[in-house]
Amino acid sequence: MNILIIGSGGREHAIAMALSKSPNNNRLFALPGNPGIREYCECIDIDVSNFREIKNFSNNNNIDLVIVGPEVPICDGISDYLKGHKIDVFAPSQEASKLESSKKFTKEIAFENNIPTGKAKWFNNQTEASVYLEKLEPPYVIKADGLAAGKGVAICENIKDANNSLIDIFDGKFGSGQSVLIEEFLYGEELSYFAITDGKEILPLIGAQDHKRLLDKDEGPNTGGMGAYCPPPMLSSELENKIMMQILEPTIYGLKKRGIEYKGILFAGLMVKENEPSLIEYNIRFGDPETQALLMLLKSDFTELLVETMNGNIKNYNLEWEKKRAITVVLANNGYPSQYNTNAEIYGIKEAEKNQNVKVFHAGTSISNGALTATGGRVLNVTSTADTLEEARRHAYSAIEKISYKGKIYRNDIAWRALSKIT
């Protein structure tokens, strides 16, 4: 098959790796890709927002399947556009993608279908939102309604910070025209849960736990994610059944009632308290950095899984996983998620990957004057697998010591929740 991957981060690097293992002898392209993805793909310099050029490239190169990594082109309608030109795309429609692009839409689906979730109200006016805050008790959960690259959520312990968060959103920090969702704070432990759906059936994939905060002990600002591990020990078969029956299945049913077919990855952000799950939010694509760990454990043919999903044939699909544990640790640039250096040379990746349990995915790298440089906020994803989570963690942090660039930062406590339970 000729397959085109859209995106340039660690998630897309992991997708390319998984596709490369297929016995189908896939020919892989990526746009725009990154230096790490070039190990598996021919990288094409086309902007991900240029749907017409993507369509032309797909037609000229007999692309059989387009896989869209990041949320923005999906929410901008790339799936509808390409399918309108008879190009198969693994990504939900623009209407279905409102599960991520509009937190208000997700809450409406949840309320209409009795899906457990926090209470919420939304506002288009800063004054009205501020008045409503006065009626609540901290902590306050303030969310930009639309896309915000994983950074549009503020959990505030006092009313002053909450009002400042309102100002940020209404002043356009996360894009112009944003409305605000003020949501009930849910107590418990966060869980990421992934499933794949062909529009009729839902096939569970695997659960993971992300680390959104920049610093150890879950302190500092929210980021796009500083590390993840899977599967988490808390995800029992009983809890998994509750997630499927109480959250994912009613969501697909609720969309169908509105005349919306959902086909692709369904990624639920959940809060779990006393083994009862509640929906926090949905993402309509593979998570980043969860995917890097997840796909390291996939035993089944990834290409076959995607094709069967596109063809509506996953009802009896036998999905197999390695009986191991995986962890990924994000190496970022000092200053992320704000201003950071963009030209430091990177050393040591080959040395780190001498450990066969380790794979280093490129998240924000470029080639400058023949040298590999750290150009993104999140630079590399050091991922490892092992029979136990403790062992996988040791592999990852040992590999990190071998990698260097000016401004390298990372969390030292990825998987602390799981390891604290094990010990």
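Lys86 sits in the loop between helix 4 (78-84) and strand 5 (89-90). Its phi is near 60°, a positive value in a residue other than glycine. Helices (H or I, at least four residues) and strands (E, at least two) are DSSP runs, numbered from the N terminus. The model is predicted, so local features need pLDDT of at least 70 and side-chain atom pairs count only at pLDDT 80 or more, while totals for chains, interfaces and linings use all residues. Residues are numbered from 1 along each chain as its sequence is written, and side-chain values use heavy atoms, with hydrogens and water left out.

Two further loops hold cis peptide bonds. Pro231 belongs to the loop between strand 14 (227-230) and helix 9 (237-257). Another cis bond links Tyr336 and Pro337, where omega is about 10°. Pro337 lies in the loop between strand 17 (325-333) and strand 18 (344-345).

Four strands form an open sheet in the order 6-9-7-8, with antiparallel pairing. Two strands pair if DSSP finds at least two bridges between them. Strand 6 (120-123) and strand 8 (153-156) stand at the edges; each has a single partner strand, so one side of each is left without a neighbour in the sheet. Neighbouring strands are turned by 20° against each other on average, direction ignored. Strand 7 (residues 140-144) and strand 8 run antiparallel and are joined by four bridges. Among the bridged residues, Val141 has Ile155 in strand 8 as its partner.

Helix 6 packs on this sheet. It touches strand 6, strand 7, strand 8 and strand 9 (180-183), and its direction makes about 145° with that of strand 6. Helix 7 (residues 126-133) lies across strand 6, strand 7 and strand 9 and runs at about 155° to strand 6. Axes are lines fitted to C-alpha atoms, for helices over the stretch in contact, and angles run from 0 to 180 degrees between N-to-C directions. Contact means heavy atoms within 4.5 Å.

Two packed helices are described by the angle between their axes and the distance between the axes. The axes of helix 1 (residues 10-20) and helix 11 (residues 302-310) come within 7 Å and cross at roughly 100°. Helix 1 and helix 11 are therefore roughly perpendicular (65 to 115 degrees). Ile15, Ala18 and Leu19 in helix 1 meet Phe302, Thr303 and Leu306 in helix 11. This contact has five nonpolar, one polar and no charged residues. Ala, Val, Leu, Ile, Met, Phe, Trp, Tyr, Cys and Pro count as nonpolar, Asp, Glu, Lys and Arg as charged, and the others, Gly among them, as polar.

Three cavities of 30 Å³ or more were counted. A cavity is a set of points on a 1 Å grid over the protein atoms alone where a 1.4 Å probe fits but cannot get out; lining residues have an atom within 4 Å of a point. Points are joined across faces, edges and corners, and a volume is the space filled by probe spheres set on them. The largest cavity holds about 60 Å³. Its lining includes Arg11, Ile15, Phe90 and Arg285. By class, that lining has nine nonpolar, one polar and two charged residues.

The second largest cavity has a volume of about 40 Å³. Among its lining residues are Lys103, Lys143, Glu281 and Tyr282. Helix 6 (103-112) and strand 16 (276-283) are the elements that give two or more residues to this lining. Four lining residues are nonpolar, one is polar and four are charged.

How values were computed
On a 1 Å grid over the protein atoms alone, a cavity is a set of points where a 1.4 Å probe fits but cannot get out, and a pocket is an open set with protein on both sides within 12 Å along at least five of seven lines; lining residues have an atom within 4 Å of a point. Angles under 35 degrees count as roughly parallel, over 145 as roughly antiparallel, 65 to 115 as roughly perpendicular and the rest as oblique.
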